[in-house]
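Me: I'm new to reading protein models. Could you zoom in on one spot, then lead me from there into the rest of the chain?

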Amino acid sequence: MKIADFFNKYQGRYAEKKHRSTLKSIARWVDYYHYSYSPEELPSLLLSESVKLKEFLSNNPNSADELLPKVYAIFSETARLFFGYSLNKVQLLGAILLWKGKAVEMKSGEGKTLTAAMAAYLQGLTGRGMHVITTNDYLAERDREWMNNLFSRLSVSCGAITQNTTSETRKKEYAKDITYVANQEIGFDYLRDNLVTSENDKVLRGFPFAIIDEIDSILIDEARTPLIIS
C-alpha cells in the first residue's frame with residue numbers, strides 16, 4: 001500500500017469515528033421520515049419541513065450546526081425520491097466535513113456533486129448566500145441544471161454564473177440561495193465590484209460560505225495566476 005493511500009485510509013477512519021454520533025443522528029432522522037410516512041405523503045412533508053427550517057434558520061443562522069442531522073436527512077430522503085437511490089455513508093461524512101470547513105478527497109463515482117449539494121443546502125437555508133465554485137462554465141451550468149430540480153423540491157433557489165451571464169442577471173443569480181459559479185467568473189466579479197462607484201452596482205452580496213470543487217486544481221494548479229488571489 002502506498003503511503004498516501006495509507007494516510008487517506010487512516011484519515012477516513014478517524015473522521016468517521018469523530019463524527020459517528022452525527023452519522024447516527026442522521027440515520028435516525030432518515031428512518032423516521034422513511035418509515036413514518038407513505039411515498040405519497042413524503043414529498044409534501046419534506047417540502048414543508050424544509051420551508052419551516054428555512055424560515056427558522058434565516059433568523060437563527062447560528063443554529064445550523066445543531067440542525068445538521070435533520071437537514072441532511074431531509075436532503076437525503078428527497079434525493080432518494082428524486083434519483084431513486086439513497087446517499088451513502090461516504091457522501092454523508094463528506095458533507096459533514098465540508099460543513100466543518102475541511103477539504104475532502106473523493107474518488108470519481110463516489111457522488112461528489114450530491115455531497116457538495118447537501119452541504120450547500122444547509123447553508124442555503126440560512127438565506128445568506130452560498131457559492132459552489134467550479135473549474136469552468138460547463139460544470140457550473142451542468143451542476144445547476146442537475147441540482148435545481150432537487151433544490152426546487154426543498155424551496156431553495158439555485159442559480160449559475162457563466163461568462164455569458166449579463167451584469168443585471170449576475171446580481172439576480174448571486175441573490176439566490178445557492179449559486180454555482182466558475183472560479184474565474186467570481187474572481188472577475190470580485191475585482192469589478194471593487195471598481196464600482198455605487199454600492200447598488202455591485203453584483204456580489206458577500207462571502208458567507210463557499211465550497212470549492214476540484215480544490216487542488218483551483219488553489220494549486222491555477223494559483224500561479226494573480227486572479228486566484230481574489
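Reply: Let's start at phenylalanine 207, which counts as exposed at 53% relative accessibility. (Exposed means over 50% relative accessible area, buried means under 20%, and partly exposed is in between, using a 1.4 Å probe and protein chains only.) You're looking at a predicted model, where local features need pLDDT of at least 70, side-chain atom pairs count only at pLDDT 80 or more, and totals for chains, interfaces and linings use all residues. Residues are numbered from 1 along each chain as its sequence is written, and side-chain values use heavy atoms, with hydrogens and water left out.

Where does phenylalanine 207 lie? Phenylalanine 207 sits in the loop between helix 9 (183–193) and strand 4. Helices (H or I, at least four residues) and strands (E, at least two) are DSSP runs, numbered from the N terminus. Together with Phe188, Tyr190 and Leu191, Phe207 makes a nonpolar surface patch of about 390 Å². Patch members have over 30% relative accessible area and no salt bridge; nonpolar side chains (Val, Leu, Ile, Met, Phe, Trp, Tyr) are joined within 5 Å, like charges within 9 Å. The areas come from the Shrake-Rupley method with a 1.4 Å probe, and for residues only the protein chains shown count as cover.

Now for the inside. In soluble globular proteins, nonpolar side chains tend to be buried together. Here, the largest nonpolar core has 50 residues, and Tyr72, Phe75, Tyr121, Phe151 and Tyr180 have the most contacts inside it. Several elements supply at least two residues each to this core, including helix 2 (20–36), helix 3 (42–59) and strand 3 (178–182). Helix 4 gives the largest share, nine residues. A second, separate core has eight residues, among them Ile133, Ile186, Val203 and Ile218. (A nonpolar core is a set of buried Ala, Val, Leu, Ile, Met, Phe, Trp, Tyr and Cys residues joined through side-chain atoms within 4.5 Å.) Leaving out residues up to four places away in sequence, tyrosine 72 touches Ile26, Leu92, Ala95, Ile96, Trp99, Met118, Ala119 and Leu122; contact means heavy atoms within 4.5 Å.

Aspartate 143 is found in helix 7 and is buried, with a relative accessible area of 4%.

Next come the salt bridges: a side-chain nitrogen of Lys or Arg within 4 Å of a carboxyl oxygen of Asp or Glu. By that rule there are 12. In one of them, glutamate 173 meets arginine 144 at 3.7 Å, N to O. This pair links distant parts of the chain, 29 residues apart, with glutamate 173 in helix 8 (residues 167–174) and arginine 144 in helix 7 (residues 137–152). Glutamate 173 is buried at 9%, and arginine 144 is buried at 19%. Glu141, Arg144, Glu173 and Lys176 are linked in a network of salt bridges.

Lysine 112 pairs with glutamate 214, with their closest N and O atoms 3.7 Å apart. That link spans 102 residues, from helix 6 (residues 112–124) to the loop between strand 4 (210–212) and helix 10 (215–221). Lysine 112 is partly exposed at 32%, and glutamate 214 is partly exposed at 35%.
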